[in-house]
There are 2 protein chains.
Amino acid sequence: MSLRISIVGSGAIGTYYGAKLAHGGSDVHFLMRGDLTEVRREGILVRGEGENFRVSNVNCYNFTNEIGPCDLVIVSIKTTSNGDLVDLIPPLLHERTMVLTLQNGLGNEEFLASHFGADRVLGGLCFIAVERHSKPEVERYAYGQLILGEFGRPSLPRTREVAAEFTRANVRCTVTEDLALERWRKLIWNVPFNGLSIVAGEIDTAAIINDENLRHLTLALMSEVIAAANKCGHSLPSDAWRKHIERTESMSGYKPSTLSDWAAGRTLETEAIWGEPVRRAAAAGAQMPRTEMIYLLLKELDERRRSR
Amino acid sequence: MSLRISIVGSGAIGTYYGAKLAHGGSDVHFLMRGDLTEVRREGILVRGEGENFRVSNVNCYNFTNEIGPCDLVIVSIKTTSNGDLVDLIPPLLHERTMVLTLQNGLGNEEFLASHFGADRVLGGLCFIAVERHSKPEVERYAYGQLILGEFGRPSLPRTREVAAEFTRANVRCTVTEDLALERWRKLIWNVPFNGLSIVAGEIDTAAIINDENLRHLTLALMSEVIAAANKCGHSLPSDAWRKHIERTESMSGYKPSTLSDWAAGRTLETEAIWGEPVRRAAAAGAQMPRTEMIYLLLKELDERRRSR
């Protein structure tokens with residue numbers, strides 16, 4: 001009944017959910033590319049409202065062939081490193097291994113499907129604010145839930161099995177019958193907040209939502225995403241932005257992952273969060289001028305920084 | 001025949017054209033709010049390709065009532081200080097005084113008309129790259145020409161008289177029969193270049209035009225301006241952007257005035273260059289989503305800086 005799980009990508013998201021699963025009794029194996037000494041000595045510390053625990057005896061590895069076949073591979077590396085997965089994932093696969101991407105934006109399920117077979121692929125939406133302070137420590141600021149779904153098909157018994165594994169680890173988790181729709185619904189948040197956190201001058205969610213001009217722009221971007229999703233065949237209600245705004249207002253300000261990426265000098269996830277939605281919308285005949293503008297600005301800012 | 005001229009606003013544009021006119025023999029009086037010692041001692045130095053001269057014995061003043069009535073008032077203060085004109089201009093007026101605004105963007109002729117009468121008002125478009133290095137020195141990097149026109153009517157004999165005054169001073173100057181159209185035509189350049197020079201991270205025209213992403217965005221913004229102008233009743237050809245691009249490519253990179261304003265800590269001309277075009281387009285039923293986005297971002301960046 002218990003799944004052998006590997007976590008590919010030990011940033012904030014991978015480390016947090018992996019630690020939760022391990023703390024809940026799951027059999028978790030972390031791929032951590034880098035020095036393992038500290039994690040082996042200190043374990044992983046998880047802090048946040050209502051939770052404060054340390055996972056000791058962390059199973060961590062530098063190479064996936066040291067981990068070997070698993071029942072569930074959780075993909076949580078930055079989408080900008082997706083190319084690495086072509087070599088990283090094969091050692092983790094047996095015939096029925098599920099590959100679950102918890103990554104941002106659009107196109108990740110498709111990428112995994114094209115390399116490892118669509119049957120294996122699941123996706124998850126993480127409504128969470130979490131930051132990794134140092135290798136062995138993550139802090140959770142707020143969260144809603146984890147939404148899991150199958151790629152291109154309704155849920156299967158195994159989908160609920162994976163959800164149950166998370167639930168047992170005290171992660172609020174639900175199953176969706178329409179993963180693609182939920183991907184777009186999450187973009188309603190990521191497109192404006194992740195983008196404006198850089199383009200409007202390195203500011204957090206509170207600074208965005210409390211400024212009259214940026215709030216106006218946020219709503220315009222949200223409407224653009226909703227219209228594009230619907231043009232792509234989904235059915236998001238025109239006020240689907242409301243919940244996102246309300247939840248963001250109820251939280252204290254925090255840094256979207258793109259701002260953390262920027263601050264840490266990491267390549268930004270411009271293709272997954274902005275580029276791919278703009279391209280899909282264009283293919284369906286929908287314009288996303290504001291989203292495209294963020295896309296082009298972020299690409300340019302990122303490239304310029306990299307070329308310096 | 002010779003006009004008594006006052007220059008209200010001694011930034012780069014006002015100082016440059018005022019110096020040219022004075023050097024050409026015109027009777028020019030500069031309003032300079034600030035210390036006059038240096039200008040009185042040093043005069044004004046003008047540098048640029050093919051010209052290098054100093055105007056000595058500059059008529060400069062701290063208050064317009066020291067200047068008294070003129071035949072031509074050239075308004076070249078930042079549009080963000082237009083409110084000051086209500087008190088600055090009356091001492092300069094006699095019954096037939098012309099008021100010529102060389103300011104950026106839309107709405108300046110209307111502002112002057114509402115306070116001093118539409119009959120007096122002319123407007124000018126400065127196709128020039130000029131920077132003021134210190135009070136008594138301006139440097140010209142490139143220029144095309146000065147285009148003069150009457151506010152809300154075809155040219156009059158006096159329009160050509162003013163143009164002749166500039167021509168005599170060796171400023172290439174032409175008269176337009178449709179000032180409002182030329183205002184929009186100039187915005188085709190100002191909306192993208194002045195905006196992206198800040199929003200894309202404090203860069204000059206060459207950095208904008210040589211980056212694939214920003215070039216794409218520049219063209220999209222230019223198309224937005226052309227479509228808005230035409231929706232507002234003008235007739236700009238759909239490839240009106242081409243000349244702007246070609247001219248900018250032929251010049252070495254330089255800082256749009258908005259970038260100079262930003263660097264100097266001055267309030268940005270967000271209303272004249274972006275806000276007013278967006279509002280006029282909206283009133284005519286045209287959307288300018290990218291232009292509006294620059295408008296909102298600049299407003300926010302400027303307000304945030306000011307509140308620090």
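Contact here means heavy atoms within 4.5 Å. The model described is predicted.

## Contact between chains A and B

By that criterion, chain A contributes 22 residues to the contact and chain B contributes 22 residues. Putting the two chains together buries about 2,100 Å² between them, and carbon and sulfur atoms give 64% of this area. On the side of chain B, the residues that lose the most area to chain A are Asn213(B), Met293(B) and Leu296(B). Together these residues make up 28% of what the chain B side buries.

## Fold and dimensions of chain A

Chain A contains ten strands and twelve helices. Its radius of gyration is 19 Å, close to the 19 Å given by the globule rule for 308 residues, so chain A is as compact as a globular protein of that length. The C-alpha trace of chain A spans about 50 × 40 × 35 Å along its principal axes.

Of the 308 residues in chain A, 57% are buried. Among the contacts in chain A with a separation of 6 or more, 70% are between residues 24 or more positions apart.

## Surface and charge of chain A

The accessible surface of chain A is about 12,300 Å². Carbon and sulfur atoms account for 47% of that surface.

Chain A carries 36 positive and 39 negative charges. The mean position of the positive charges and that of the negative charges lie 1 Å apart.

How values were computed:
Residues numbered from 1 in each chain as written. Chains lettered and ligands numbered in written order. Predicted model: local features only at pLDDT ≥ 70, side-chain atom pairs only at ≥ 80, totals over all residues. Heavy atoms only, no water. Helix = DSSP H or I, 4+ residues; strand = E, 2+ residues; numbered from the N terminus. Rg over C-alpha atoms; globule rule 2.2 N^0.38 Å. Buried < 20%, exposed > 50% of the residue type's maximum accessible area, 1.4 Å probe, protein only. Areas by Shrake-Rupley, 256 points an atom, 1.4 Å probe, with all protein chains shown as cover. Lys, Arg positive; Asp, Glu negative; His and termini not counted. Charge placed at Lys NZ, Arg CZ, Asp CG, Glu CD. Buried area = accessible area lost by both parts, 1.4 Å probe.
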